[in-house]
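Thanks for coming. I will show the structure first, and then go through it a few pieces at a time.

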Amino acid sequence: MRDAAPLSPLDELDLALVNALQISPRAPWTEIAGALGVDAATAARRWERLRAGGYAWVTAYPYDEFGSGALIEVDCAPGQGRAVAEALAQEPMAATVELTAGGRDLLVTAIARDYTSLTSFVLDRVGVLPGITSTRVHLVTGGAYAEGSAWRLPSLTPAQKKALTGSRRSTRDQGGTPSGNHRALMLALGEDGRASLTDLAACLDVSVNTASRRLKRLVDSGSLVLRCDLAPQLSGSPVCVTFFASVASEHLNSTARAIARFPEIRLCVGVAGPHNLLATAWVASLVDVHLLEVRLASALPHLRIADRSVCLRRTKHVGRLLNEQGRARGFVPVDIWADSAEAR
């Protein structure tokens with residue numbers, strides 16, 4: 001029997017609005033309203049209700065091809081899982097924290113500005129946290145084949161999608177690794193990805209034109225990801241599973257690219273460790289976890305899935321603190337400079 005779908009406080013227009021903001025997170029309300037066939041005031045009012053209720057939010061975070069990233073399995077002392085998850089959620093380099101079923105108590109997605117910072121976070125922050133008994137670290141070895149900002153609700157028609165300009169990451173030929181000089185802008189957008197240029201300029205103590213120019217440079221260079229997220233329980237795919245898999249090295253790239261094309265996949269990365277490929281998917285039910293694994297095995301003969309981890313509760317999702325219903329209740333920024341002199 002499939003899991004019963006929870007009753008959603010969102011209607012079709014709400015879901016279409018989220019879908020539109022997934023495509024173009026900072027589009028003017030006039031553009032969003034035109035695509036949805038409503039007036040701008042209605043679109044803005046609807047969004048404010050979603051945002052204030054913690055149902056959906058637009059966020060931002062630095063992106064460096066996941067070259068300094070890791071997925072960390074955490075084992076905890078009996079009864080300490082929730083306390084450890086809450087403590088880790090306060091860590092700026094812990095982007096996502098999940099309480100899980102399977103061979104680990106927690107699964108943490110971490111990002112840092114460089115390998116040295118990541119090592120310090122793993123050894124000096126996670127490794128000494130009370131309540132943790134052991135950790136296993138899967139270091140990301142290259143860029144992400146799939147990344148959550150590309151995931152979309154299926155709410156809009158092709159014509160509605162075409163009406164939105166969207167924002168695309170480039171191949172980073174216009175920029176490089178973001179510097180600490182961009183930290184204040186990234187943190188401000190992390191909390192509210194739709195913050196006005198006027199508010200951003202005030203936050204940075206610069207002119208509106210300067211704030212606009214800096215934001216454009218970060219987005220065009222691929223150094224900044226803007227995304228609209230929805231409370232997982234309201235997404236139609238409330239069950240999150242991470243597969244730990246192995247692929248012969250010569251087939252890793254082709255297999256990972258094929259996995260990334262599955263619509264359920266939210267993250268797919270190559271890693272160093274006992275497994276060399278990790279993939280996270282959002283599906284409708286626990287039954288669909290098994291069905292997806294069967295489809296992956298059937299389509300990808302070189303893939304060997306050794307383990308899987310199902311999320312029981314997400315404490316933090318890309319900087320957003322979540323309550324037991326998956327709604328936003330707070331914010332701890334994804335801050336890759338948190339341990340540096342630039343942050344002090």
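A residue is called buried here if its relative accessible area is under 20%, exposed if that area is over 50%, and partly exposed in between, using a 1.4 Å probe and protein chains only. This is a predicted model, in which local features need pLDDT of at least 70 and side-chain atom pairs count only at pLDDT 80 or more, while totals for chains, interfaces and linings use all residues. Residues are numbered from 1 along each chain as its sequence is written, and side-chain values use heavy atoms, with hydrogens and water left out.

Let me start with a single residue. Ala-201 counts as buried because its relative accessibility is 4%. Ala-201 sits in helix H8, residues 197-204. Helices (H or I, at least four residues) and strands (E, at least two) are DSSP runs, numbered from the N terminus. What does Ala-201 touch, leaving aside residues up to four places away in sequence? The list is Val-206, Ser-207, Val-208 and Ala-211, where contact means heavy atoms within 4.5 Å. Leu-185 is 16 residues from Ala-201 in sequence, and their C-alpha atoms are 8.9 Å apart.

Next, helix H3. Helix H3 runs over residues 40-52, and its 13 residues should span 18 Å at 1.5 Å a residue; the end C-alpha atoms are 18 Å apart, so the two agree. The expected span is 1.5 Å times one less than the number of residues. At the start of H3, the backbone nitrogen of Ala-41 has a side-chain oxygen of Asp-39 within 3.1 Å. That is a polar contact, meaning a pair of N or O atoms within 3.5 Å; within protein, one must be able to donate a hydrogen and the other to accept it, and residues adjacent in sequence count only if both atoms are side-chain atoms.

Which residues of H3 are buried? They are Thr-42, Ala-43, Trp-47 and Leu-50. Seen down the axis of H3, these buried residues fall within an arc of 130 degrees, so they line one face of the helix. The arc is taken from the directions that run from the helix axis to the C-beta atoms. As background, an α-helix has 3.6 residues a turn, so residues three or four places apart point the same way. On the other side of H3, Arg-45 and Ala-52 are exposed. The cover over the buried residues of H3 includes helix H1 (12-23), helix H2 (29-36), strand S1 (56-62) and strand S6 (224-230). Just after H3, Gly-54 has a positive phi of about 75 degrees.

Helix H5 can be read in the same order. The twelve residues of H5, 115-126, should span 16 Å at 1.5 Å a residue, and the end C-alpha atoms are 15 Å apart, which agrees. Buried in H5 are Ser-117, Leu-118, Phe-121, Val-122 and Val-126. Down the axis of H5 the buried residues fall within an arc of 135 degrees, so they line one face of the helix. The face turned away from that buried side carries exposed Tyr-115, Thr-116, Leu-123 and Asp-124. Among the elements covering the buried residues of H5 are strand S2 (69-76), helix H4 (81-89) and strand S5 (132-140). Asp-114 caps the N-terminal end of H5, with a side-chain oxygen 3.3 Å from the backbone nitrogen of Thr-116.

Last, salt bridges. A salt bridge is a side-chain nitrogen of Lys or Arg within 4 Å of a carboxyl oxygen of Asp or Glu, and the whole structure has 20 of them. One of them joins Arg-329 and Glu-86, at 3.1 Å from N to O. Arg-329 lies in strand S12 (residues 328-331) and Glu-86 in helix H4, so the pair ties together parts 243 residues apart in sequence. Another joins Asp-335 and Arg-183, at 2.6 Å, and both of these residues are buried. Finally, Glu-73, Asp-75, Arg-104, Arg-136 and Asp-307 are linked in a network of salt bridges.
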